[in-house]
Amino acid sequence: MFIQEIYSQDDFNDDLRRDDFIQFLFQHLDKFGDPKEDISKCLDYAFGINGGQGGFALAAINDGKIVGGLILNKTGMSGYIPENILVYIAVDASQRGQGIGGKLCRKCIDLADGDVKLHVEYDNPAKRLYERLGFVNKYAEMRFKKTSEDK
């Protein structure tokens with residue numbers, strides 16, 4: 001297995017297509033994922049497209065097949081929140097438990113310029129991996145979802 005670094009649209013090719021990478025994340029994020037359109041926007045942001053601050057993606061490849069994927073975005077907010085957010089990470093369900101997620105996370109941390117944060121749901125089994133890697137739960141995230149009446 002090797003990890004391919006993806007910094008721009010030009011890093012995709014016939015062996016690793018953008019649509020296949022997005023489909024992989026969509027499929028293997030399972031219930032913790034987002035629509036393909038949102039994953040695509042996140043990838044654009046990582047590439048500095050449409051006002052994105054930059055970042056990168058990583059693809060774990062084994063025997064020519066994607067077995068893991070990750071997208072990191074720069075936040076542009078150094079100092080008051082971490083400089084980077086690990087937005088998506090997924091491992092093929094048939095490959096879980098083999099260390100692929102850990103290798104992707106460590107590579108991400110090594111490549112990131114500055115601190116890295118991520119959001120993880122409390123019932124996500126990957127939470128234990130993030131804790132082993134040194135991520136700590138500093139805050140509880142709270143969200144307000146605007147309705148049509150609030151806008």
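The model is predicted. Its five strands form an open sheet in the order β1-β2-β3-β4-β5, with mixed pairing. Helix α2 packs on that sheet, and the largest nonpolar core has 20 residues.

**The sheet**

- The strand order is β1-β2-β3-β4-β5, and the sheet these five strands form is open.
- The edge positions belong to β1 (2-6) and β5 (116-118); each has a single partner strand, so one side of each is left without a neighbour in the sheet.
- On average, neighbouring strands of this sheet are turned by 25 degrees against each other, direction ignored.
- β4 and β5 run parallel and are joined by three bridges.
- Asn84 has Val116, in β5, as its bridge partner.

**Helix α2**

- α2 touches β2, β3 and β4 of the sheet, and its direction makes about 60 degrees with that of β3.
- The helix covers residues 36-46, and its buried residues are Ile39, Cys42, Leu43, Asp44 and Ala46.
- These buried residues pack against β2 (55-62), β3 (65-74) and β4 (84-91), and also against helix α1 (18-28).
- An α-helix has 3.6 residues a turn, so residues three or four places apart point the same way.
- Just after α2 comes Gly48, which takes a positive phi of about 75 degrees.

**The nonpolar cores**

- In soluble globular proteins, nonpolar side chains tend to be buried together.
- Within the largest nonpolar core, of 20 residues, the residues with the most contacts are Ile6, Phe21, Leu25, Leu43 and Ile71.
- At least two residues of this core come from each of α1, α2, β2, β3 and β4.
- Another core, of 19 residues, lies apart from it; Leu86, Cys105, Cys108 and Leu129 are among its members.
- Leaving aside residues up to four places away in sequence, Phe21 touches Ile6, Phe12, Leu43, Ala57, Leu58, Ala59, Ile66, Gly69, Leu70 and Ile71.

**Gln95 in its loop**

- The loop between β4 and α3 (100-111) contains Gln95.
- Gln95 has a relative accessible area of 18%; buried means under 20%, so Gln95 counts as buried.
- Residues up to four places away in sequence aside, Gln95 touches Asn62, Val67 and Ile100.
- Between Gln95 and Val67 there are 28 residues of separation in sequence, but their C-alpha atoms are 6.9 Å apart in space.

How values were computed:
Residues numbered from 1 in each chain as written. Predicted model: local features only at pLDDT ≥ 70, side-chain atom pairs only at ≥ 80, totals over all residues. Heavy atoms only, no water. Buried < 20%, exposed > 50% of the residue type's maximum accessible area, 1.4 Å probe, protein only. Helix = DSSP H or I, 4+ residues; strand = E, 2+ residues; numbered from the N terminus. Contact = heavy atoms within 4.5 Å. Core = buried A, V, L, I, M, F, W, Y, C linked by side-chain atoms within 4.5 Å. Pairing = 2+ DSSP bridges. Axes fitted to C-alpha atoms, helices over the stretch in contact; angles between N-to-C directions.
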